[in-house]
Amino acid sequence: MLTLKQSRRLQSVLVGTSSWAIAALIFFPILWMILTSFKTEIDAFATPPQFFFMPTLENYLLINERSDYFSFAWNSLLISSVATLLCMLIAVPAAYSMAFFESRHTKRTLLWMLSTKMLPPVGVLMPIYLICQSLGLLDSRIALIVIYTLINLPIVVWMIYTYFKDIPVDILEAARLDGATTLQEIGRVLLPIARGGLASTMLLSLILCWNEAFWSLNLTSSAAAPLTALVASYSSPEGLFWAKLSAVSTLACAPILIFGWISQKQLVRGLSFGAVK
Amino acid sequence: MADLKIRNLKKGFDGTAIIKGIDLDVRDREFVVFVGPSGCGKSTLLRLIAGLEEVTSGTIELDGKDITDMAPAKRDLAMVFQTYALYPHMTVGKNLSFALDLAGVAKSEVKEKVQNAARILELEPLLERKPKQLSGGQRQRVAIGRAIVRNPKIFLFDEPLSNLDAALRVQTRLELARLHQELQATMIYVTHDQVEAMTLADKVVVLNGGRVEQVGSPMELYHQPANLFVAGFLGTPKMGFLRGQAGKADGAACEVKLECGAQLSLPLAAGGLAAGSPVTLGVRPEHFNIVPAGQGQLRVIADVSERLGSDTYCHVRTASKEMLTIRVRGDFAPRAGETLELAFDPAHCHLFDADGQAIAKRLQQAA
């Protein structure tokens, strides 16, 4: 028979081990991608797969020769950041009015917004392509910025709405009685209180924009192409070159991974904002 | 100066009337308490005065100026919320100065006003702290301080003590009374706690179902309740009620025959009361006396007794199954099931008609 103390310890060891196992399972594909990017093409195709090999930078050098990585990265950065900012600019007032001036239609509006996310993007590819074409926006950053802003808007509004709902309305009413205008109330009271939640929402939006591939592949070719388009360009035309594909994927993921790593504290705080209030 | 006039004020939410036509005057430097059970509309009324809710109809005037549709910030009122509603990201000092900063008051003046409020409320050592580092009582003082720095025409308090523990509530209640004297300010205070209402108010407004039941000084309301609701609401333990029928009535006395068998003559000017009409007799717990058998007006059976040390509250049942509470000496506690004989002075009785309205003023007070 185990004592209470022993069974608690056993429980914590089991929970700890299984957490690490699940984390390792989730992280493995990323690790494998990074490892493969340092292999030669022959090592990359070897069966059984090789864990120990002679690392090489040849894939990275080749990519650098063949394509202008920084131009793609700049497009990714610019499009993601501007789309995220625009999205926040629209979502904050929307969430403010829905959270603090709730009407009979608020819940329905929120559900309707979310339902738009259920539509497969390919279903609206033709009309959006034709609109972009007639406006001369094919292969332009503006088209991607507008589309990314709109496709992320429902999720961003929902997230901010949830954070705002956790803030007691009394605080905003106190500000109103203290003489704050609506803009001052939002800018000097609401946003500073919700900054954790807002930061994690921005981060999520940034990640979603950065990783978006469907619209970037269909609406851009070179001038406005972001990193996802660069990765795709290494996939099929010349057969599958796993090592090069892994190298370019690593390059595409690296910035957002590093950014996520740096801001993980903020992210966790934001995601658990309601729970720990 | 701060004279508030409310005329025929109504407020409804989605077709449901919450405030059903209220007329009220609050005079300069008065401490007015809105009291009533949950959902009676007292907080809504306060929020209408503050401008946090839109008025459906009626008017609110402050010093002769119509403020019914004015933005909250322009009304020159300050409110202390039940939840304190401090700005969590600002220090105590910033919380106090926020309104003045928004109004563009000069830095030196802001500093002086903040220091002054901090001194009155003993907040000086806490000015650099964030709200989450303060205790409940300290947070409440910051919330009051935030109102003081603005030097408003009227202070509005929305159940400010309900989040404090019992001991702190008593202490803060005293501080509020002292503050009212010191600032000589007009204050409107919402509470469901009748002890707060009785101890703090110059004028109590008893609300029920969105209407004003009675307005008056605490003692006026206690001794001359206008109806059954006010009589039952104010006073702990509550007033005991006995059903009965009116007998002969003239300008000087009124006979009442109670369902539990007793018959008595009350010194009331109940001339308009028809003989045989149903009435309710009200007697406060402290006005009952336990007397030897045969000397009282009412025979009851003891139920539960609550001994508080100084007093004992005996819950008793009459022959007609009405429950009464009587207050007796702390060293006395009847056994459950024991028969007691009660006497009460008819001069301390209240009589209510079938609609629950107090029938007439007692003769001695009318005189």
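Visitor: How many disulfides does the structure hold over all chains?
Guide: This is a predicted model, in which local features need pLDDT of at least 70, side-chain atom pairs count only at pLDDT 80 or more, and totals for chains, interfaces and linings use all residues. Side-chain values use heavy atoms, with hydrogens and water left out. A disulfide is a pair of cysteine sulfur atoms within 2.5 Å, and over all chains the number found is zero.

Visitor: Which cysteine sulfur is closest to that of B:Cys349?
Guide: B:Cys349 is buried, with a relative accessible area of 2%; buried means under 20% relative accessible area, with a 1.4 Å probe and protein chains only. The closest cysteine sulfur is 11 Å away, too far for a bond, and belongs to B:Cys254.

Visitor: What area is buried between chain B and chain A?
Guide: Contact means heavy atoms within 4.5 Å, and 21 residues of chain B are in contact with 16 residues of chain A. In chain B, the residues B:Tyr87, B:His89 and B:Leu102 lose the most area to chain A, together 31% of what that side buries. Buried area is the accessible area (1.4 Å probe) that two parts lose on being put together, summed over both. Carbon and sulfur atoms give 64% of the total, which is about 1,700 Å².

Visitor: Which residue forms a salt bridge with A:Glu173?
Guide: A salt bridge is a side-chain nitrogen of Lys or Arg within 4 Å of a carboxyl oxygen of Asp or Glu. Across the interface of chain B and chain A, the rule finds two salt bridges. For A:Glu173, the closest N and O atoms are 2.6 Å apart, and the partner is B:Arg47.

Terms used. Residues are numbered from 1 along each chain as its sequence is written. Chains are lettered from A and ligands numbered from 1 in the order in which they are written. Buried means under 20% relative accessible area, exposed over 50%, partly exposed in between (1.4 Å probe, protein chains only).
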